[in-house]
Amino acid sequence: MLQLDLDISLVDRARAAAQKITGSFGWLFEGYSSVTIERTVLRLMGLDGALKDGKPLPNVVIDQLHKSGSLGKGAAIRLANAMLLQNMSAAEVATAINDQNLDISALPPAPADEIHALLSELTDKMMAHISGQKAKREEMYQRFGERRIPAIYVIVATGNIYEDAVQAKAAAREGADVIAVIRSTAQSLLDYVPYGATTSGFGGTFATQENFRIMRQALDEVSEDEKRYISLTNYASGLCMPEIAALGAMERLDLMLNDAMYGILFRDINPRRTLLDQSFSRMINAYAGIEIQTGEDNYLTTSDAVEKAYTVTASQLINEQFALLSGVKPEKMGLGHAYEIDPEMENSFSFELAHALLSRQLFPHSPIKYMPPTKFASGNIFKTHLMDAMFNFVGQLTGQGVQLLGMMTEAIHTPHLADRSLAIENAKYIFKAVKDLGANLSLAPDSFVNRRAHQVLEEATLFLEKVAADGLFSAMAKGEFADIKRPDDGGKGLDGVFAKDEDYYNPFRERMMKELKI
Amino acid sequence: MKKQFIRPYGDTSADGKMQLSFSLPVKPDAHGKEAARLLLKQMGFDDIDVCGMRDLNEGFTHFIAYASTSTAVDPANIKVKVVETAVMDMEETDAFVKEHIGRTLTVVGACIESDAHTVGIDAIMNMKGYSGRFGLERYKSFNAINMGAQVTSEELLARARAENADAILVSQVVTQKNIHIKNLTRLIELAEAERLRDKMLFICGGPRISHELAIELGYDAGFGTGSYSTDVASYIAIVMAERIRKGS
């Protein structure tokens, strides 16, 4: 069997360093919350809808509370209090804030036992709904069989959710196992989640609860026809990580992009805000049985894939440790990497093989997410199609969990119907052709692939130990990650972070931590 | 002398053979195939061979075809606008700037408005560069400021003004529904309103951008696929030297 001779003591050292890095944020997770975390709580309490101008109701409530500095107790108690005293639904309270200048922070407190009774009723209801969605997914896997390994993952990105649904169904019938709806390019920096079905976007389609529901329904139909459960994924990244995670949990998304550091490094979102938000959003993912996926491929699209290979390994280990803190199980961690080495380089395939095996072996229980060549994809679609085939070869040979298929028209346009179909054909042919080949092969002990994997692991270990000694925020401020300097008081969204009062209460976080045993 | 028209070459001189691939909302059957053939016929093709037909499901079919065109291009009618300045490597550019300009050139770059894809601007500006060519940050003769992605036009212009920039570099990767045209137009209009347009070079780049398009939109130059930091740096150095020479 194709297996690396990894130095186990080095693996242990790297993991210990990652644990030290991530373990030092208790002060942040316990002491602070953010506006999007509070909006998530309101959404989980059942608050939905938007004003006529499109402003979502959760933003209406949280904006008022944040402006008057009365979020310290958490939004749950404030909204429940207003619902009781005004005898209104959550949506009616939000509307009254807008229409009648109702100030819910100025209301007298209702009896504490009534507030807690209402909150536990709403919490029970939503937790049961999310558990029900999880059970439904498990039932469908039971009925139709487990997802293939590697799973075939393709994107749709028309900007129009109804058009996306047609393309997704076509792709699913051709063999896709996972459908990702790429988000509109500007969404990561919106400090709200748009409302309703959307039919225009740029480079993708807005992530909204209604869009999630439309796509899930389309894929459920195909799942029944094809007798294969088709997974749906979207992006819990940007300024609304936990809100989008919650919507994904409600509408039975199956995977969600959720990287602990991506927003900081590649979207210039404030480090404290991102770490806080990822912590709660991953808890929601974990509770809902949603597989998270991380974005290590981004390190390789911005830097050299050979020179910076170790940053992928280091980030995977950090992502793993943060995920464990949120209760995500290793079998639900789709840690990422990518096939991005310059095809002009001699033996590039051997390098890719070493890197792919390293990811596979460091995280034996995780459905590793493998990203295709993009950086060296050009207008030459024939060459790109060939690179995609080599990428598919490594994916099957090394048993990656999710193969994010490359498109021959990468770097030209968002995939056309035929592009996606050819990509699926390419993957299906290669996966079948080399299905059991890996079991017949082994690596020579002192071979290049072994030495290369060892080198990357060693570089990652030394890097993680340096970051552990320095502290993550300090390392980020110095530009140790992806050559981008991110000070912890810079970036977008810091004004949405606030310190919790002694009597802060987030019923969902408490319940999830209890049930996830964290 | 007989004028040589330009016509596709498959395997015989001027046979006009072309390779085509497209999808239609039809079923993969004889009817669908005929629809594909008729479409090509209406486009003026002859010797149509629809050699591949693949079911895309949900009522769509992918066709692959070969056909001959009788049309040809008269070379005399070809008019393109290309960046015509010489291309120098990093050392040559640094030496050129030292000799002809005598100070460093400040370039402010960004991926503007909704566009979140920094791959283009990074390839041109980052220290490391792309494909063996260092980015502008590495040049001794450039003070390169890369503002990253999703920078508003206002932010970019404000920074360029504050830095007294010699050139602005704008990257646009996402082009769905011509969003890149809207973004690039907005920047130029703002620059004109703020009286910055003539104070610095405006250069845009991206996979779907040509020099011709850039000129049309009111930019000084545009760099498309296959352009490198060396092209951009040489262009800025040579044009700035020219401007300084004319100005003095």
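This is a predicted model: local features need pLDDT of at least 70, side-chain atom pairs count only at pLDDT 80 or more; totals for chains, interfaces and linings use all residues.
Along its principal axes, the C-alpha trace of chain B spans about 70 × 55 × 35 Å. The chain is divided into domain 1, covering residues 1-76, and domain 2, covering residues 90-247, and the centres of these two domains of chain B, taken over C-alpha atoms, are separated by 40 Å. Chain B holds 7 helices and 8 strands, and 36% of its 248 residues are buried. Of the contacts in chain B with a separation of 6 or more, 66% are accounted for by residues 24 or more positions apart.

Within chain B, strand β4 (residues 105-111) is mostly covered, since 6 of its 7 residues are buried. This strand of chain B runs parallel to β5 (residues 142-146), to which 5 bridges join it, and the bridge partner of B:L105 in β5(B) is B:F142. A further 5 bridges join β4(B) to strand β6 (residues 167-171) of chain B, again in a parallel arrangement, with B:V107 standing opposite B:A167 in β6(B). Together with α3(B), strands β4(B) and β5(B) make a β-α-β unit that is right-handed.

An antiparallel arrangement is found for β2(B) and β3(B), which are joined by 9 bridges; among the pairs, B:D55 has B:T61 in β3(B) as its bridge partner. The hairpin of these two strands, β2(B) and β3(B), has 2 residues between the strands, and B:E58 takes a positive phi near 55 degrees there.

The two chains meet through 23 residues of chain B, which are in contact with 25 residues of chain A. On the side of chain B that touches chain A, two or more residues are given by each of β1 (17-24), β2 (45-57), β3 (60-69) and α3 (119-125) of chain B, and the largest share, 3 residues, comes from β2(B). By residue type, the side of chain B that touches chain A divides into 7 nonpolar, 10 polar and 6 charged residues.

In chain A, 9 strands form an open sheet with parallel pairing, in the order β7-β6-β5-β4-β3-β2-β10-β9-β8. The edges of the sheet are held by β7 (333-334) and β8 (336-338) of chain A, each of which has a single partner strand, so one side of each is left without a neighbour in the sheet. Inside this order, strand β5 (residues 255-257) of chain A is joined to strand β6 (residues 291-293) of chain A by 3 bridges, the two running parallel, and A:L255 has A:E291 as its bridge partner in β6(A).

Helix α21 (residues 507-516) of chain A has as its buried residues A:P507, A:F508, A:R509 and A:M512. These buried residues of α21(A) pack against α3 (35-44), α5 (75-86), α7 (112-144) and α12 (271-288) of chain A. Just after α21(A), a positive phi of about 60 degrees is taken by A:K517.

A:P373 lies in the loop between β9 (369-371) and α16 (381-397) of chain A, and the residue counts as buried because 24 other C-beta atoms lie within 10 Å, where 20 or more are required. Not counting residues up to four places away in sequence, A:P373 touches A:Y339, A:E340, A:M387, A:D388, A:F391 and A:G406. The C-alpha atoms of A:P373 and A:L404, which are 31 residues apart along the chain, are separated by 10.0 Å.

A cis peptide bond, with omega about -10 degrees, joins A:I149 and A:P150, and A:P150 is placed in the loop between α7 and β2 (151-156) of chain A. Positive phi values are also found at residues other than glycine: A:N101 has a phi near 55 degrees and is found in the loop between α6 (90-99) and α7 of chain A, while A:N347, with a positive phi of about 60 degrees, is found in the loop between β8 and α15 (348-362) of chain A. A:N101 is exposed, with 8 other C-beta atoms within 10 Å, whereas A:N347 is partly exposed, with 13 other C-beta atoms within 10 Å.

Methods:
Residues are numbered from 1 along each chain as its sequence is written. Chains are lettered from A and ligands numbered from 1 in the order in which they are written. Domain bounds come from an automatic or database domain assignment. Helices (H or I, at least four residues) and strands (E, at least two) are DSSP runs, numbered from the N terminus. A residue is buried if 20 or more other C-beta atoms lie within 10 Å of its own, exposed if 12 or fewer, and partly exposed in between; C-beta atoms are placed from the backbone. Two residues are in contact if their C-beta atoms, placed from the backbone, lie within 7 Å. Ala, Val, Leu, Ile, Met, Phe, Trp, Tyr, Cys and Pro count as nonpolar, Asp, Glu, Lys and Arg as charged, and the others, Gly among them, as polar. Two strands pair if DSSP finds at least two bridges between them. A crossover is right-handed if, with the strands pointing away from the viewer, the path from the first strand over the helix to the second runs clockwise.
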